[in-house]
Structure formats: structure tokens, C-alpha cells
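This report goes through one chain, from its overall fold to a single residue.

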Amino acid sequence: MRRIIRADDYLDLADQIAGRSVGPGRPRPAHLRRATSTAYYAVFHELVGQGTRRAVGRGRDDHRHTISRWYAHGNFRQTARWVTAIAARKSAPEAVTGLLSVNGRVDPDLVLVSDSFGELQALRHVADYDPGYVAVRAATLSHVSRARTAVEAIRRLDKGDVHEFDMFLLLSLGGERMVRNS
């Protein structure tokens, strides 16, 4: 059996490398960058884990692994953008609006997850690739806290069996390509 990637492990690691657990010392900039990146991956892997679990149920691990590889960062980003647009009463494809909302209303936890995903993904990109990025411990710890809050919201959506969350996970398998074919 393959080891499941756990968001909590990523969040704990992000806290540790950002220096939360070591007290007032100054963590290295590379550690702070890595903590921001790791916080993003906690949210990403929690979403992938929920999507594969919902698709496979108690099915085979090899099926779960195969499906987990179908999720892509860009498709999650696009679906998150749609959620944010619908919540702000901005333009989104009609079919998508019908799948992600009830009478144009989006579940607040789904909005929180979407906003957090988009922000953390952008921060991860800057932390990983922008040589001019100045990593600051307080900001990095807030990124980790934001990721932890998003993971908690994902779990509430799962526990509440929110239909629009299922649609979010399905749309995130194919993003815009799925919508064009609908």
C-alpha cells in the first residue's frame, strides 16, 4: 500500500521550517521560501486526496494513485477563479455557475478554499522562482496559517457533503476543456 500524502504533515513541516517551533531565532530565507511552498502543497494535496477518495471510495489503491495524477495545479486554479468570480457576481460560464452555486450563492467555505488556493499558489510561485522575493517570517507564518484554515474548510466541505464541492473537484479534473465540451 502506498503512503497517503497528508496535508497535516505538510503543514507541520511548513511550521517547522519557518521556525515556529524553534522560537525567536531567524530562519534562513530559503527556509521561509520553502515553508510558503510547502503550505501551498498542503492545500493542493488535501484537495487531490478528497477528490480521489470521493471517486474511488474504498476501492483499490492503484486506482486512487492513477486518479490523483489526473489533477493539475492549473485546473484547480481555474476552478478556484470561477468560484471567486461567481461569489463576486462576476462573469463565469453558465454551466459552471450552475454546478458551483445554488441560485448564484457559493458556499462560504468553498469561497475560502478558492481564494486561499489562488493566493497560496501565487505566493508559492514567487517564493520558488522570484530571486527578488524577500521572505519575512511573520508573512510566511501567515501563509502557513492560511493554508491550515483552507485545509480545515476543505474538511468541513467534505464532512458536510456539499454537492458544489464535488462539482469543484470534478471540474478541477479537466478545467476549461471540460466546460468547452459541455
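What share of the contacts in the chain with a separation of 6 or more comes from residues 24 or more positions apart?

## Contacts

The share is 76%. The model behind this value is predicted.

## Fold and dimensions

The secondary structure consists of 8 helices and 0 strands. Read from the N terminus, the order of elements is α-α-α-α-α-α-α-α. The chain is as compact as a globular protein of its length, because its radius of gyration of 17 Å is close to the 16 Å that the globule rule gives for 182 residues.

Along the principal axes, the C-alpha atoms fill a box of roughly 50 × 45 × 30 Å.

## Burial and surface

Of the 182 residues in the chain, 44% are buried.

## Charge

The chain carries 28 positive and 20 negative side chains. The centres of these two sets are 4 Å apart.

## Leu-171

Leu-171 is part of helix H8, which spans residues 163-180. Is this residue, Leu-171, buried or exposed? Its relative accessibility is 5%, and the cut-off for buried is under 20%, so Leu-171 counts as buried.

Leu-171 can also be placed relative to Leu-100. The two residues are 71 residues apart along the chain, and their C-alpha atoms are separated by 9.3 Å.

Technical notes:
Residues numbered from 1 in each chain as written. Predicted model: local features only at pLDDT ≥ 70, side-chain atom pairs only at ≥ 80, totals over all residues. Heavy atoms only, no water. Helix = DSSP H or I, 4+ residues; strand = E, 2+ residues; numbered from the N terminus. Rg over C-alpha atoms; globule rule 2.2 N^0.38 Å. Buried < 20%, exposed > 50% of the residue type's maximum accessible area, 1.4 Å probe, protein only. Contact = heavy atoms within 4.5 Å. Lys, Arg positive; Asp, Glu negative; His and termini not counted. Charge placed at Lys NZ, Arg CZ, Asp CG, Glu CD.
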